[in-house]
Amino acid sequence: MTEFWTRFRRDRLAVAGLFVIAAFLLSAVAAPLIAPYDPSEQFFEGLTLEGSPLPPNATFWFGTDTNGRDQFSRLLYGAQTSLMIGIVANGLAVLIGTTLGLLAGYLVDRRRKAASPLRRERSIPRWPSPWPCDPLKRK
């Protein structure tokens with residue numbers, strides 16, 4: 001594990017990516033503390049006299065939308081929603097993959113013939129590739 005961290009610290013792009021992900025996670029988790037306004041609150045002063053949204057300024061850092069809502073607050077709270085969707089989707093993928101893997105391992109008989117849908121992929125014909133460098137080409 002120490003070898004991983006020493007190699008990881010040497011890669012500047014990986015460290016920068018880690019900081020970006022950490023900043024995204026922290027801002028999403030701390031959205032109620034960071035956001036200056038409620039994301040669904042509409043401001044009359046968030047629109048011009050003609051009714052168009054305001055550009056970024058000192059009051060609304062990222063400007064407003066066509067309903068006069070603060071874009072920065074909406075961005076922070078939207079990050080929470082995006083992270084929750086990603087976590088739930090990955091959790092479901094792990095659950096389904098683990099279940100199918102356990103079933104595939106359990107349903108294999110002693111002769112290594114499977115009654116599992118995971119083995120059916122071999123029956124799909126592989127078409128010749130029009131590209132000269134086929135990444136799936138077996139040598």
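**Helix packing and a salt-bridge network**

Student: Why are H1 and H2 called roughly perpendicular to each other?

Tutor: The model is predicted, local features need pLDDT of at least 70, side-chain atom pairs count only at pLDDT 80 or more, and totals for chains, interfaces and linings use all residues. Residues are numbered from 1 along each chain as its sequence is written, and side-chain values use heavy atoms, without hydrogens and water. Helix H1 (residues 2–10) and helix H2 (residues 12–29) pack at about 95°. Roughly perpendicular covers 65 to 115 degrees, so the two helices are roughly perpendicular.

Student: What makes the contact of H1 with H2?

Tutor: Phe8, Arg9 and Arg10 of H1 meet Arg12, Ala14, Val15 and Leu18 of H2. Contact means heavy atoms within 4.5 Å.

Student: What makes arginine 69 and aspartate 65 a salt bridge?

Tutor: Their side chains meet at 2.8 Å, N to O. The definition asks for a side-chain nitrogen of Lys or Arg within 4 Å of a carboxyl oxygen of Asp or Glu. The pair qualifies.

Student: Why does arginine 69 count as buried?

Tutor: Its relative accessibility is 17%. Buried means under 20% relative accessible area, exposed over 50%, partly exposed in between (1.4 Å probe, protein chains only). Therefore arginine 69 is buried. Aspartate 65 is buried too, at 11%.

Student: Why is arginine 74 called partly exposed?

Tutor: Arginine 74 has 32% relative accessibility, so it falls in between.

Student: What joins Asp65, Arg69 and Arg74 into one network?

Tutor: Salt bridges that share partners. Aspartate 65 also meets arginine 74, at 3.8 Å, N to O.

Definitions and conventions
Axes fitted to C-alpha atoms, helices over the stretch in contact; angles between N-to-C directions. Helix = DSSP H or I, 4+ residues; strand = E, 2+ residues; numbered from the N terminus. Parallel < 35°, antiparallel > 145°, perpendicular 65-115°, else oblique.
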